[in-house]
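Open the model in your viewer and keep the selection panel at hand.

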Amino acid sequence: MISRIIEWCAENRFLVFAGTLAVVLAGIWSISNIPLDALPDISDVQVIIHTNWEGQPPNIIEDQVTYPIVTALLAAPRVKAVRGQTMLNDSYVFVVFEDGTDMYWARSRVLEYMQQIRGRLPQSVSPMIGPDATGAGWVYEYALVDHTHRYSLADLRSLQDWHLRYDLATVPGVAEVATIGGFVRQYQVKLDPNKLLAYGIPLSVVLDRVKSSTNEVGGRVMELAGTRYMIRGLGYLRSLSDLENVPVTVKNGTPVLLKDLGNVSFGPDIREGVAEWQGEGETVGGIVIMRYGLNALNVINGVKKKLAEIQKTLPPPIAVIGSFIPMYYLHVSSNIMSLGGLALAIGVLVDAAIVMVENGYRHLSESGVVPDAERRRILIAAAKQVGPALFFSLLIIVVSFLPVFLLEAQEGRMFRPLAWTKSLAVAFSSLLAITLVPVLMVLFIRGKLHPESSNPAASATKAIYLPVLKFCLRHKTLTLVLNLLFLVLTFPLAWKLGSQFMPALYEGSSLYMPTALPGIAITDATQLLQEQDRIIHSFPEVETVFGTVGRSDSSTDNAPLDMYDTTIMLKPREKWRSGMTYEKLIQEMDQKLQFPGLSNTWTMPVQNRLDMALTGIKTPIGMKIQGPSLDGIQEMGAKIQQIIAGMPQVRSLFAERVSQGFYLNVEVNRAEAARYGLTVADVQQAVSSGIGGMNMTENVEGRERYPVNVRYERDFRDDIGSLNRVLLATPSGGQIPIEQVAKISISRGPAMIRDEDGQLTGYVYLDLNTKDYGGFVEQAGRLLRDNLKMQPGFAFHWSGEYEFELRAKERLKVILPIVFAAIFFLLYMVFHSVAEALVLIFPTFYAMTGGLLLQWIMGYNFSVAVWVGYIALFGIAVETGVVMVIYLHEALDKRLHSDAVLTSQDIEEATIEGAVQRLRPKLMTVTAVLASLIPILWETGIGSDVMKPIAAPIVGGMITSTIHVLILVPVFFVLMKERALKRGTLQPQQSQAKA
């Protein structure tokens with residue numbers, strides 16, 4: 001059939017050219033319209049539920065909010081995992097769905113299940129679904145910097161919250177714009193409890209008056225003098241004096257105003273996050289979060305354009321300094337992996353054309369000067385001679401790579417674009433080899449042609465190859481033993497190389513993420529953040545430093561106040577100090593950033609956002625401890641830290657102090673409270689409002705909204721003695737100190753509570769100075785088995801990228817046999833011989849030896865990227881063997897078609913002729929593949945970290961597999977044909993005719 005296709009294409013050149021032109025034009029259009037991105041989308045489909053419960057500690061929110069939500073969503077369809085995280089004021093629940101789930105279907109299912117549990121949640125709690133984005137959707141960060149210091153942090157925060165973020169939210173594809181840092185402006189009413197006592201005013205009355213102090217209402221309509229007027233009651237606060245003059249009660253005909261009971265002023269709301277720029281001081285930052293599944297490049301360009309427009313409307317001293325951090329990955333787009341697939345395919349794309357053109361050239365040059373009709377016949381016959389086998393050899397490359405599509409989850413999403421582009425490119429190449437190439441041969445191969453013997457390069461390679469081949473054919477047993485010995489000596493390298501999930505991708509930036517002990521005050525955290533940023537910015541390789549501590553106001557950001565997050569944008573490598581590498585730079589920074597109480601972690605922005613979104617662990621490798629109590633989890637984490645912290649691979653290790661938060665407890669004596677007619681709720685109102693402070697209402701100021709907060713003056717709540725004297729109003733009109741009905745004490749409790757699939761969980765973060773995660777886990781596992789005694793009900797498991805590595809290994813155990821089975825099946829279809837198919841499988845083993853050697857020399861661990869390189873190598877190595885066997889059969893068939901009686905000597909001579917005389921096309925195909933891949937090994941740009949481990953096995957393997965094809969395939973060929981000769985079954989090869 002393929003021979004007929006070749007002949008038809010040669011007869012219908014116009015249709016072939018027209019079809020080729022149409023394909024080219026379609027390709028050009030696709031290139032101009034395909035989305036661009038850094039990496040393919042490897043994030044899970046995830047829905048975030050954020051619940052804010054102002055003033056509540058973690059244990060209360062966990063019991064009443066997080067746990068009910070987590071347990072309800074465990075039963076939702078297609079849910080893979082549910083992770084909860086609870087901290088002061090906030091609950092976060094991350095619902096992770098199975099691969100292939102539609103994002104908006106998932107969101108609708110979460111909303112459906114949330115409706116079912118609303119009655120089980122506190123009345124004042126309103127869970128909200130986060131934006132249709134994930135934590136990996138942070139595509140842009142920026143800072144508002146005022147170098148003149150004319151504007152306060154409150155001014156910058158207002159500018160960001162009420163103007164800038166709304167402008168950026170209009171950019172197509174933006175799901176949310178979050179704010180971190182600065183001060184939220186707040187109307188603050190600070191009451192003096194002694195004055196409340198003197199006037200006999202209960203706290204509850206003040207709260208009610210403040211709540212009703214700012215509002216506007218409508219009164220429908222009214223007609224006056226034939227005109228229809230809409231009625232409104234104006235009542236928003238216009239100034240602080242409006243709030244100061246709010247009447248609370250009347251004493252002796254004189255109103256008691258709010259200002260008579262304490263101090264009314266503007267002040268900052270309690271902060272849960274701080275932003276810092278370059279070590280210069282606090283600032284306000286913004287985070288642009290992209291909607292799930294869109295084109296990151298388009299969104300980023302839209303944000304940049306909008307910022308350029310907004311810049312003209314900002315106050316002159318304020319600069320918006322962007323930090324370009326692409327952190328989101330799309331579907332099959334033009335990205336590192338899809339372009340990498342083309343890089344892997346480039347050398348293979350020309351292989352078939354090289355062999356076919358060279359075969360036609362040889363036949364025509366041997367025929368001398370012939371008429372045009374005869375020239376055309378010779379060229380088409382030459383194309384038909386090798387076309388079917390070449391087509392099937394390219395088909396083998398395509399089919400052998402198809403099992404890459406069987407990779408699942410993150411690794412599947414990472415390498416699927418590469419598999420698509422490589423497979424499609426080679427598939428189109430195979431079609432062009434039997435359609436366009438024969439037509440081009442007929443058009444352009446003409447004139448006086450020089451025979452191959454006149455080529456000095458061909459003559460030189462033959463002069464080297466011929467004596468080697470003759471020696472190997474004379475000493476077949478020795479040749480086979482030496483090659484087998486080479487396999488035995490090389491394959492043990494596979495057990496000496498380390499393992500990891502994926503090679504780290506250098507992003508041109510770094511992320512410094514130290515963790516402090518729970519309970520650090522925000523003022524101390526801010527000073528420490530500025531000092532860190534100042535030190536980092538002093539390194540000459542650093543361009544900018546944007547540091548944050550705590551969290552922004554986005555549901556995609558669940559960082560506690562003890563977690564630092566400093567994004568370091570690095571200068572281009574050519575501007576670095578001589579001899580400086582990324583690893584050495586991180587080591588130098590780490591040495592200068594050793595602060596007491598901080599545990600350092602180094603990663604990169606994209607990698608971190610993905611790690612946290614996929615597993616919750618912020619480091620590439622970590623541990624999750626689960627058990628029935630937080631105290632037990634913390635104790636177990638401390639033991640684990642003690643056991644493995646001394647391992648040489650550990651740069652730093654931090655086990656979360658899950659039960660080391662600081663609590664001030666107000667325990668109500670119910671009997672005593674009842675004597676005064678007080679309920680627990682009466683006492684707790686003083687705790688939540690008077691002591692803690694409560695936002696009672698919100699004032700509207702044009703487009704801006706600011707809270708109004710009420711609490712006692714600081715002097716009446718800054719120590720336990722003062723707190724004991726906080727007054728409670730009784731139903732009888734009297735007031736008593738709180739110490740008469742409650743006991744105030746200090747204790748330890750949960751600083752933050754993690755909940756995974758309904759189980760209490762604690763994390764252990766590991767920052768390693770090695771990428772051999774598999775080897776480290778194996779060693780650490782032995783240490784823990786020998787030294788860690790676990791209490792009943794407690795367990796731990798390794799998480800982070802190591803989870804993915806284990807899953808990928810299990811899938812590869814299925815994929816690799818499928819690859820070899822597919823190759824064998826196609827080889828049998830080409831040659832209709834089990835023996836020859838087995839002979840051509842052998843290059844894959846010798847290819848692997850070269851891959852292992854180069855992998856070992858370059859120091860690459862086994863990873864999914866490396867195994868993808870081996871899978872690509874196996875198909876390419878077989879193609880070289882197929883080309884060799886084509887020419888061996890051609891030379892042998894000439895003798896079989898003659899009338900002479902064939903001898904073993906004739907078989908050897910035919911083998912030497914087919915191998916040596918046809919050496920040029922074989923070396924050209926191998927050279928083309930190596931020339932396309934070797935430059936990748938010297939590449940240093942972004943993306944090379946993933947492509948090098950893919951290219952290394954192919955480059956090393958092509959060298960050893962080529963040696964095998966040039967030596968062992970002829971030896972095996974002679975052995976098989978001599979055996980067939982003795983049996984009387986030796987026949988000309990018929991596979992081309994059958995094809």
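Is the crossing of H15 and H26 left-handed or right-handed? It is left-handed. Bear in mind throughout that the model is predicted.

**Stop 1: H15 and H26**

Select residues 476-490 for helix H15 and 834-858 for helix H26. The two axes lie 10 Å apart, and the helices pack at an angle of about 45 degrees. That angle makes H15 oblique to H26. Now show side chains: on H15, pick Asn483, Leu484, Phe486, Leu487 and Thr490, which meet Phe845, Tyr846, Thr849, Leu852 and Leu853 of H26. Coloured by class, this contact of H15 with H26 has 7 nonpolar residues, 3 polar ones and no charged ones.

**Stop 2: H26 and H27**

The axes of H26 and H27 come within 8 Å and cross at roughly 135 degrees. Why is this pair called oblique rather than antiparallel? Angles over 145 degrees count as roughly antiparallel, and at roughly 135 degrees H26 and H27 are therefore oblique to each other. H26 passes H27 in a right-handed crossing.

From H26, the contact includes Glu836, Leu840, Pro843, Met848 and Leu852. From H27, the residues taking part include Val866, Trp867, Tyr870, Phe874 and His889. The contact of H26 with H27 divides into 14 nonpolar, 5 polar and 1 charged residues.

**Stop 3: the nonpolar cores**

Next, select Phe415, Tyr465, Leu827 and Tyr870. These have the most contacts inside the largest nonpolar core, which has 100 residues. Which helix gives the largest share of this core? Helix H27 (residues 864-896) does, with 20 residues.

Centre on Tyr465. Leaving aside neighbours within four places in sequence, Tyr465 is in contact with Met884, Ala915, Val916, Leu919, Leu966, Ile967 and Pro970. Apart from this core lies another, of 37 residues; Val264, Val683, Tyr706 and Ile738 are among them.

**Stop 4: Asn724**

Asn724 is found in helix H23 (residues 720-724). Is Asn724 buried or exposed? Its relative accessibility is 17%, so Asn724 counts as buried.

**Stop 5: Arg107**

Select Arg107 in helix H4 (residues 103-117). Arg107 is buried, with a relative accessible area of 17%. Its contacts, not counting residues up to four places away in sequence, are Val47, Ile129, Gly130, Pro131 and Asp132. For a distance label, draw a line from the C-alpha of Arg107 to that of Ile5: they are 52 Å apart in space and 102 residues apart in sequence.

**Stop 6: two positive phi angles**

Most residues other than glycine have a negative phi. Two places to check against that follow. Arg78, not a glycine, has a positive phi of about 65 degrees. Arg78 sits in the loop between helix H3 (58-73) and strand E2 (79-87), and at 35% relative accessibility it counts as partly exposed.

Finish at Asn89, in the loop between E2 and strand E3 (90-97). Asn89 is not a glycine either and has a positive phi of about 80 degrees. With a relative accessibility of 5%, Asn89 counts as buried.

Conventions: Residues numbered from 1 in each chain as written. Predicted model: local features only at pLDDT ≥ 70, side-chain atom pairs only at ≥ 80, totals over all residues. Heavy atoms only, no water. Helix = DSSP H or I, 4+ residues; strand = E, 2+ residues; numbered from the N terminus. Buried < 20%, exposed > 50% of the residue type's maximum accessible area, 1.4 Å probe, protein only. Axes fitted to C-alpha atoms, helices over the stretch in contact; angles between N-to-C directions. Parallel < 35°, antiparallel > 145°, perpendicular 65-115°, else oblique. Left-handed = near helix turned anticlockwise from the far one by under 90°. Contact = heavy atoms within 4.5 Å. Nonpolar A, V, L, I, M, F, W, Y, C, P; charged D, E, K, R; others polar. Core = buried A, V, L, I, M, F, W, Y, C linked by side-chain atoms within 4.5 Å.
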